[in-house]
Amino acid sequence: MGNIRWTDERCGPHAGYVPAYVSSTAQPPWFARPAARAWTCPPAPTGVRDFHAALPGYAPTPLTELPPVAAELGVGRVFVKDESCRLGLPAFKALGASWAVHRALAARAARGDATAPVTLVSATDGNHGRAVARTARLLGHRARIFVPRGVHPEAVAAIAAEGAEVSQVTGAYDEAVRRAAEAAAAPGALLVQDTAWPGYERIPGWIVEGYSTLCAEVDEQLAAAGAGTPGLIVIPVGVGSLAHAVVTHYRSRPAGPPTSLLSVEPMAAPCVIESLTRGEPVSVTTGETIMAGLNCGTPSSIAWPRLRDGLDAAIAIPDTASARAVGDLARLGISNGPCGAASLAGLRAALTGDGADERRAALGLGPASTVVLLSTEGSAANPAATTADS
């Protein structure tokens, strides 16, 4: 992939856990599909983990056990996959961007375009765009990133600091995606988008493949902790690309106990749960949310079939729940932002309050179950107000 070098910007830990979450008596938006754990699919391709392992600065991100959360929610063990520093960036997105750009540039070289200048183009709520911009800078290419409304100015500045040309859009995420696709029609431009639509699916598919490294690490780390197969993985969801990778990983296992998969998204942008409820992909009008990286109105076209068939359940949460989870995880030493904390907030929403027994049963959870929370970003990824009244 050339002279690519990632640097470490890990945040320091915090201590002193005091649960701040108060369960609501109202039922959260919820969808469950009991047949999902019996559904299977082909695995992700081999070679992705080896590619990432060869990058300078690569190391598995931590999988940290949270005994107070397990005790609070009545399960056996709870772990959090801490993506606050992945290849020098404060979110997991570098896995998908680096692999997809590697594959896309190799395809250009195979067509005889290896020496032509490239501008990598993408739309982003923050993390993916910075990962694309970092990859472009390390490989000596240009980047142009379209940013919708609602992304924190510090996140926008971080993208620009990677050397990218940043175009701010007055509309929502879907509008930024449209603008990026239009810009990518220019000569020498290459669209590296982490959502797919009919006619644009190959590069988003490579991005999904890149995320498989995260799942492989979780397997190894759980085995080292003596935790075995997880009973539940909780996944923050925007357009669904990470969830697509997680579904592919856990639904392609030939044997062993099945793992339940729960997606979590903001009440302000519930495109996945709305699509699951209707049985077809739909677009929703998004609102304002501190979970900026999840503020997406349309599921990815390639993710949708896997989400429809492979997710056990989906839940939507308010900003207050995510804000409280940010503080609780910080007190446990996990640097996280509102999107990363959504996994803890979603787990709490599923396992407490009215209807909790039914939701727990739908997820197949018991007092000895192991749960893994995917904390997809650190506190530096998308700075935002995270107080309980935000």
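I'll start with the sheet. Four strands, in the order β6-β5-β4-β7, form an open sheet with parallel pairing. Strands here are DSSP E runs of at least two residues, helices are H or I runs of at least four, and both are numbered from the N terminus. Two strands pair if DSSP finds at least two bridges between them. At the edges are β6 (165-168) and β7 (189-191), each pairing on one side only. Ignoring direction, neighbouring strands of this sheet are turned by 20° against each other on average.

A word on the source. This is a predicted model, where local features need pLDDT of at least 70, side-chain atom pairs count only at pLDDT 80 or more, and totals for chains, interfaces and linings use all residues. Residues are numbered from 1 along each chain as its sequence is written, and side-chain values use heavy atoms, with hydrogens and water left out.

Back to the sheet. Strands β4 (residues 119-123) and β5 (residues 142-147) pair in the parallel sense over five bridges. Across β4, β5 and β7 lies helix α6 (residues 173-183), which runs at about 160° to β4. Axes are lines fitted to C-alpha atoms, for helices over the stretch in contact, with angles from 0 to 180 degrees between N-to-C directions; contact means heavy atoms within 4.5 Å.

Next, the cavities. How many of 30 Å³ or more does the structure hold? There are two. A cavity is a set of points, on a 1 Å grid over the protein atoms alone, where a 1.4 Å probe fits but cannot get out, and lining residues have an atom within 4 Å of a point. Points are joined across faces, edges and corners, and the volume is the space filled by probe spheres set on them.

The largest cavity has about 280 Å³ of space. It is lined by 25 residues, and the closest to its centre are F92, K93, D194, G293 and L294. Two or more lining residues come from each of α4 (127-139) and α9 (241-251), and α9 gives the most, with three.

The second largest cavity has about 100 Å³. Of its 13 lining residues, D125, R149, G150, G287 and N295 are the closest to the centre.

Finally, the whole chain. It has 14 helices and eleven strands. Its radius of gyration is 19 Å, close to the 21 Å that the globule rule gives for 390 residues, so the chain is as compact as a globular protein of that length. That radius is taken over C-alpha atoms, and the rule is 2.2 Å times the number of residues to the power 0.38.

Definitions and conventions. On a 1 Å grid over the protein atoms alone, a cavity is a set of points where a 1.4 Å probe fits but cannot get out, and a pocket is an open set with protein on both sides within 12 Å along at least five of seven lines; lining residues have an atom within 4 Å of a point.
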